[in-house]
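Have the viewer open and follow along.

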Amino acid sequence: MSAIVRVTTAAEAAARDADAIGGGVPSRALMQRAGAAAAGEIARRLGALLARGVHLYAGPGNNGGDAWVVARALATAGVPVRVTAVGESRTPDCRAERALAARLLDPHRELAAAVVVDGLLGTGAHGTPHGEIAEAIHAIARAKEMGATVVALDVPSGLDASTGDAALAVEADLTITFGTLKRGLLVARHLAGRIIVVDIGLDDDATTAGHDAPILMSSYWLRLALPPIPAAAHKGVRGKLAIVGGAPGMAGAAVLAARAAARSGIGMVRLLVPPGSLAAVQSAAPHALATPWPELRRARSTPMHALGADVRNAEDDDEIEGISGWADAVCLGPGLGRSPETRALVEHVLARWEGPVLLDADALNVFAGEASALGRALSAGSDARPALLTPHAPELARLWGGSPGEVDARRFDVGAELAESTGAAVLLKGVPTVVTGVDGERFVVAAGTPALAAAGSGDMLSGIAATLLAQGVPAVDAGACAAWAHGRAAELACVEHGVRGITLQDVEDRLRDAWSAGVEPDVIYPVLAELPAVAGG
């Protein structure tokens, strides 16, 4: 079984199917594999409900064919089954599977089914459903209101598999998707419920469209990327991280980054903050060193925006030496503040620090509309340094001069443009998080809950990712691992307490558990990946 799960558009998923068929796998065999795998998962997960029956809705296309395969498998196992055929079967494979299943079914059977299976529309459907399909979607909704568990095959009908758009769609409790994880399921998690990706025999070694689609981040990739901590390790071996931020009134941001770094295995942390924040950060993060950040003293008589990275004197360089002569990575941004002085400070540090660096929040905002200038600043110290940018959609939009909506509409692809412009890996936070490397490799991180939608969450993520940079993890891998561990910690916290009332302290407490091997739900073949339903309030 391949450990690679691709996140695809509808077209990419179709290309992978076509590639398998072109390689000698009959299209009907793919349908039978999909339906058999779905039937097996329904039986395994919902077995206690099956005695009350399963009502399947089969559409006219190949998604309907999948439903007929499921119906035949369940009926053969003795499960009471009813199928509502919505429209005439249009494809040869669907007609063949319908004929096989019909021999086992009573077309007049009435069931107050406990499980309803949606096989109306597949990944190729676009636009708002209408006519008989729309009526069937409403019927499924009524069954759900009456307490039925709804299972969607591949995608909930009415959901655009590429964009997640859904004017009228099935709201599933469980979605069993075939071969790849469709983008739309991650954008509209509230409609998908628990998501299971099952293997149907697609080959990931081919080169057609969809084989370079982003990879779903998982604990498997986490274990591959994380460096081991040697038995004889000391604090220096575990890495030294400098965090520059914590302006007055925002000292907590630097503290959250430092505490998350400690939960992620860092050996030493040094906080560089304004003098007025020193007492606060040392009280809240006693494990961290704390020193004043570089002040760029000539700025006292010269406008800061006119100084840039060329401002220096011996005292300034002594303070930069507190970074460059000590740290393994630098994190710029948590609570840094947004001003011309901030930009001068960021450029000054980048010009004199040649090692791995992470930029977040105001370290990015001060380059609004000037992504190329950010790229020049990053290359000033070293054009080969590992660098990671961690914007959310509004911050990335500020860099480009666009809107957050435009960024979200291109969430899976837009990071490549910023990575090319700046020479840095890009971690675009959101639902889902997408991490793009400078060579074009991409990871999609679906771990997380709405508990992370809180001030300070991004600062925690910065501390986690910067720790991995300090330990020598490549920037794109550091971003993907950090986002996954951050999201998984939130999931673990919410299992016990739900979403409402969870604090970042709860997430921090569970971060230690997120690093452990095997923390994802156990998967049994043919399951390739499983995502829990997103917890509500």
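Predicted model: local features only at pLDDT ≥ 70, side-chain atom pairs only at ≥ 80, totals over all residues.

Strands here are DSSP E runs of at least two residues and helices are H or I runs of at least four, both numbered from the N terminus; two strands pair if DSSP finds at least two bridges between them.

Strand 2 (residues 54-58) runs parallel to strand 3 (residues 81-85), with five bridges joining them; V54 stands opposite V81. At the other end of the order, strand 8 (residues 194-198) and strand 19 run antiparallel and share four bridges, with E530 as the bridge partner of I196.

How many residues of strand 2 are buried? Five of its five are, where buried means under 20% relative accessible area, exposed means over 50% and partly exposed is in between (1.4 Å probe, protein chains only). In a regular strand the side chains alternate between the two faces of the sheet. Strand 2 has V54, L56 and A58 on one side and H55 and Y57 on the other, and both faces are covered.

Strand 17 (residues 433-436) and strand 18 (residues 442-445) pair in the antiparallel sense over four bridges, and T436 stands opposite R442.

## Helix 14 and its neighbours

Helix 14 (residues 371-381) packs against helix 17 (residues 414-422) at an angle of about 50 degrees, with the axes 7 Å apart. The two are therefore oblique to each other; under 35 degrees would be roughly parallel, over 145 roughly antiparallel, 65 to 115 roughly perpendicular, and the rest is oblique.

Which residues meet there? A371, S372, L374, G375 and L378 in helix 14 meet L418, S421 and T422 in helix 17, with contact meaning heavy atoms within 4.5 Å. These residues divide into four nonpolar, four polar and no charged. (Ala, Val, Leu, Ile, Met, Phe, Trp, Tyr, Cys and Pro count as nonpolar, Asp, Glu, Lys and Arg as charged, and the others, Gly among them, as polar.)

Buried residues of helix 14 include A373, A377 and G381. The buried set packs against several elements, among them helix 12 (340-352), strand 15 (387-389) and helix 15 (393-400). E341 is found in helix 12 and, at 41% relative accessibility, counts as partly exposed.

The chain averages a pLDDT of 91, and 92% of the residues score at least 70; pLDDT is the predictor's confidence in each residue, from 0 to 100. Over residues 297-312 pLDDT stays under 50, and the model has 29 contacts beyond four places in sequence for that stretch.

Local features need pLDDT of at least 70 and side-chain atom pairs 80 or more, while totals for chains, interfaces and linings use all residues. Residues are numbered from 1 along each chain as its sequence is written, and side-chain values use heavy atoms, leaving out hydrogens and water.

Notes:
Axes fitted to C-alpha atoms, helices over the stretch in contact; angles between N-to-C directions.
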